[in-house]
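Here are my comments on the model you sent. They are arranged by topic and can be read alongside the coordinates.

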Amino acid sequence: MRYYTMELAKRDFEIGYLRSWRIERAPIGEDGWRVDLGEGNARGYLCDARRRQPRLFRSLDSAVAALEQVGFEVNALQQ
């Protein structure tokens, strides 16, 4: 699995490499949400640029804001 910094995610989105996303609850012991980008070999988490660890978002609103910063248009969350 890959890890995307915000800069890398924006670049890959702009060239059409990233076309999908998913927001998932962080594993037990961690509080918040993770943003999962891409599919197949391109799949990876949005990560913190300094620590290179999956970034944790405290709210769904902040996770959606990060996706919109990458360039995705988020109109609905659905299960």
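Predicted model: local features only at pLDDT ≥ 70, side-chain atom pairs only at ≥ 80, totals over all residues.

1. Buried side of α1. Helix α1 spans residues 6-14. Met-6, Ala-9 and Asp-12 are its buried residues. They lie on the same side of α1, because the arc they cover around the axis is only 130 degrees. The general rule behind this is that an α-helix has 3.6 residues a turn, so residues three or four places apart point the same way. The partners that these buried residues pack against are β1 (2-4), β3, β4 and α2.

2. Other face of α1. Glu-7 and Glu-14 are exposed, and they sit on the face of α1 turned away from its buried side. Just after the helix comes Gly-16, with a positive phi of about 90 degrees.

3. Lys-10. This residue also belongs to helix α1. Is Lys-10 buried, partly exposed or exposed? Its relative accessible area is 31%, so Lys-10 is partly exposed. Leaving aside residues up to four places away in sequence, Lys-10 touches Gln-69 and Val-70. Lys-10 and Leu-67 are 57 residues apart in sequence, yet their C-alpha atoms are 9.5 Å apart in space.

4. Helix α2. This helix covers residues 60-70, and Ala-63, Val-64, Ala-66, Leu-67 and Val-70 are buried in it. These residues share one side of α2, because their arc around the axis is only 155 degrees. Their cover includes α1, β2, β3 (33-37) and β4 (44-46). Gly-71 follows α2 and has a positive phi, near 135 degrees.

5. Salt bridges. How many salt bridges does the model hold? The count comes to four. Three of them are taken up in the next points, among them the pair Asp-12 and Arg-11.

6. Asp-12 and Arg-11. Their side chains meet in a salt bridge with an N to O distance of 2.8 Å. Asp-12 has a relative accessible area of 2% and is therefore buried, while Arg-11, at 49%, counts as partly exposed. Asp-12 is also one of the buried residues of α1.

7. Glu-24 and Arg-22. This salt bridge has an N to O distance of 2.4 Å. Glu-24 counts as buried because its relative accessibility is 16%, and the cut-off for buried is under 20%. Arg-22 is partly exposed at 43%.

8. Arg-43 and Asp-36. The closest N and O atoms of this salt bridge are 2.6 Å apart. Asp-36 is buried, with 2% relative accessibility, and Arg-43 is partly exposed, with 30%.

9. Largest pocket. The space in the largest pocket is about 180 Å³. By class, the lining has six nonpolar, two polar and one charged residues.

10. Arg-58. The loop between β4 and α2 holds Arg-58. Arg-58 is exposed because its relative accessible area is 75%.

11. Arg-52. The loop between β4 and α2 is also the place of Arg-52. Its phi is positive, about 55 degrees, although Arg-52 is not a glycine. For context, most residues other than glycine have a negative phi.

12. Arg-19. This residue is in the loop between α1 and β2. Its relative accessibility is 70%, so Arg-19 counts as exposed. Arg-19 and Leu-46 are 27 residues apart along the chain, and 14 Å separates their C-alpha atoms.

Definitions and conventions: Residues numbered from 1 in each chain as written. Heavy atoms only, no water. Buried < 20%, exposed > 50% of the residue type's maximum accessible area, 1.4 Å probe, protein only. 1 Å grid on protein atoms, 1.4 Å probe; cavity = no way out; pocket = protein on both sides within 12 Å on 5 of 7 lines; lining within 4 Å. Points joined across faces, edges and corners; volume = space filled by probe spheres on them. Nonpolar A, V, L, I, M, F, W, Y, C, P; charged D, E, K, R; others polar. Helix = DSSP H or I, 4+ residues; strand = E, 2+ residues; numbered from the N terminus. Arc of directions from axis to C-beta. Contact = heavy atoms within 4.5 Å.
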